[in-house]
Amino acid sequence: MNILYIFILLTVFCLFIALRKKRFVLLLVPILAIVLFIIVEIILVPAPLLETVKFIFSLQ
């Protein structure tokens, strides 16, 4: 399954539960999942971490 579909399903599920239970803090779950995914992907790059971060922020 593509990672995009997982994020879409997570977002729809959290939105449904947040609206049903009136707990809007659950809307942070998809955002935190995406941020965690980005951090893991940056760590998995074989180059040194500091060099990778510098490269990402130097892109235009």
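This is a predicted model: local features need pLDDT of at least 70, side-chain atom pairs count only at pLDDT 80 or more; totals for chains, interfaces and linings use all residues.
**Entry 1**

I started at Val 25, which sits in the loop between helix 1 and helix 2. Is Val 25 buried or exposed? I looked up its relative accessibility, and at 58% Val 25 counts as exposed. The cut-off I needed here is over 50% for exposed.

Next I checked what Val 25 belongs to. Val 25 is part of a nonpolar patch on the surface, along with Leu 28, Ile 31, Leu 32, Val 35, Ile 39, Ile 43 and Leu 49. Together they have about 760 Å² of accessible area. Which element gives the largest share of the patch? I found that helix 2 does, with six residues.

**Entry 1: the overall layout**

I then stepped back to the whole chain. I found three helices and zero strands, and the order from the N terminus is α-α-α. The radius of gyration is 15 Å, well over the 10 Å that the globule rule gives for 60 residues, so the protein is more spread out than a compact globule. I also looked up the box that the C-alpha atoms fill: roughly 45 × 25 × 20 Å along the principal axes.

How much of the protein is buried? Buried residues are 10% of the 60.

I checked the confidence next. The mean pLDDT of the protein is 90, and 98% of the residues reach 70 or more. Which helix has the lowest mean pLDDT? Helix 3 does, at 88, while helix 1 has the highest, at 92.

**Entry 2: two rings**

I went looking for aromatic pairs, and the structure holds one. The partners are Phe 7 and Phe 37, with ring centres 5.5 Å apart and planes at 75°, so I logged the pair as edge-to-face. The cut-off behind that label is an angle over 60 degrees. Phe 7 is in helix 1 and Phe 37 in helix 2, so the pair ties together parts that are 30 residues apart in sequence.

I compared how covered the two partners are. Phe 7 has 16% relative accessibility and counts as buried. Phe 37 is partly exposed, with a relative accessible area of 30%.

**Entry 3: Leu 9**

Still in helix 1, I picked out Leu 9. Leu 9 counts as exposed, at 52% relative accessibility. How far apart are Leu 9 and Pro 30 in space? I got 9.5 Å from C-alpha to C-alpha, for two residues that are 21 apart in sequence.

**Entry 4: two loop residues**

Lys 22 is in the loop between helix 1 (3-21) and helix 2. I flagged its backbone: Lys 22 has a positive phi of about 60°, although it isn't a glycine. Lys 22 counts as exposed too, with 67% relative accessibility.

My last stop was Pro 46, in the loop between helix 2 (28-43) and helix 3 (49-58). At 83% relative accessibility, I put Pro 46 down as exposed. I also took the distance to Ser 58, twelve residues away along the chain: their C-alpha atoms are separated by 18 Å.

Notes:
Residues are numbered from 1 along each chain as its sequence is written. Side-chain values use heavy atoms; hydrogens and water are left out. Helices (H or I, at least four residues) and strands (E, at least two) are DSSP runs, numbered from the N terminus. Buried means under 20% relative accessible area, exposed over 50%, partly exposed in between (1.4 Å probe, protein chains only). pLDDT is the predictor's confidence in each residue, from 0 to 100. Patches are made of residues with over 30% relative accessible area and no salt bridge: like charges are joined within 9 Å, nonpolar side chains (Val, Leu, Ile, Met, Phe, Trp, Tyr) within 5 Å. Accessible areas come from the Shrake-Rupley method with a 1.4 Å probe; for residues, only the protein chains shown count as cover. A salt bridge is a side-chain nitrogen of Lys or Arg within 4 Å of a carboxyl oxygen of Asp or Glu. The radius of gyration is taken over C-alpha atoms; the globule rule is 2.2 Å times the number of residues to the power 0.38. Rings of Phe, Tyr and Trp (its six-membered ring) pair if their centres lie within 6.5 Å; planes under 30 degrees apart count as stacked, over 60 as edge-to-face and the rest as tilted.
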